[in-house]
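The sequence and structure come first.

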Amino acid sequence: MKETIRVFLAGDSTVQTYDSSKAPQAGWGQYIGGHFDGCVRFLNHSMAGRSSRTFVEEGRLEAVLNEIGPEDWLFVQMGHNDANQKKPERYTDPQTEFPRYLKMYLDGARKKGAFPLLITPVARLHYQNGAFQNDFPEYCKAMKKLGEEENVPVVDLMELWIHRLEQAGPEAARAWYMVSANGTDMTHFTEAGAGEVAAVLAQGIRRLNIPISKYAR
């Protein structure tokens, strides 16, 4: 691989980089670089409120593909906003539109000689009947199915993160979400939570045993 490995991040608010005025809110994209060797450089194009569809329609994917090159990586985490039927401009059907839009990311990266990697949506703080819940099961299934069909690696961050939440327990896990700061937000992460997600994701990538895995700490 190249001496400097560039990783482009395409995702939503749970991935986005926030400035200090938004503290303590943070996205895992701010911390993922700390879990890789220094030769790996992350470029975070993630933006709040975007789905696989709107990221394309607004030209954000095009901007990434204009910059990405051979042996770079494109990490894609989508699903949160795709599932929002109350905002039809964001919504994608998990069986049809969602994989169709995701394939644009895969095809675009490969056309430039880059390597795509899919990441299932990360879990919200939804604890019910004694268990943490997956609020986006159909989107996770669709992403994993597409990964199999297209021979693209997939990190099941939903599963990995729920396992981490179970280890911590609901009381400790609460500190990882913005609800601990504002009393309402069960979706977005505090700095501590975003850092924890980044650590979990890095270990998931390491276990995939793909070329970039050896750089994960």
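**Salt bridges**

The count of salt bridges comes to 13, where a salt bridge is a side-chain nitrogen of Lys or Arg within 4 Å of a carboxyl oxygen of Asp or Glu. The model is predicted: local features need pLDDT of at least 70 and side-chain atom pairs count only at pLDDT 80 or more, while totals for chains, interfaces and linings use all residues. Residues are numbered from 1 along each chain as its sequence is written, and side-chain values use heavy atoms, with hydrogens and water left out.

- Glu58 and Arg60 pair through their side chains, with an N to O distance of 2.7 Å.
- Glu58 is partly exposed because its relative accessibility is 44%; buried means under 20% relative accessible area, exposed over 50% and partly exposed in between (1.4 Å probe, protein chains only).
- Arg60 is also partly exposed, at 24%.
- Lys103 bridges to Asp107, with the closest N and O atoms 2.9 Å apart.
- Both Lys103 and Asp107 belong to helix H3 (residues 97-111), where they sit four residues apart, about one turn of the helix; helices (H or I, at least four residues) are DSSP runs, numbered from the N terminus.
- Lys103 has a relative accessible area of 30%, so Lys103 counts as partly exposed, and Asp107, at 35%, is partly exposed.
- In helix H4 (residues 137-150), Lys141 and Glu138 are three residues apart, about one turn of the helix, and their closest N and O atoms are 3.4 Å apart in a salt bridge.
- Lys141 is exposed at 51%, whereas Glu138 is partly exposed at 33%.
- A network of salt bridges links Arg6, Glu67 and Asp72.

**Nonpolar core**

- The largest nonpolar core has 66 residues, of which Trp28, Phe36, Leu74, Phe75, Trp161 and Ile212 touch the most other members; such a core is a set of buried Ala, Val, Leu, Ile, Met, Phe, Trp, Tyr and Cys residues joined through side-chain atoms within 4.5 Å.
- Helix H8 (residues 191-208) supplies the largest share of this core, seven residues.

**Cysteines**

- The disulfide count is zero, a disulfide being a pair of cysteine sulfur atoms within 2.5 Å.
- Cys140 is buried because its relative accessibility is 3%, whereas Cys39, at 23%, is partly exposed.

Note on methods: Helix = DSSP H or I, 4+ residues; strand = E, 2+ residues; numbered from the N terminus.
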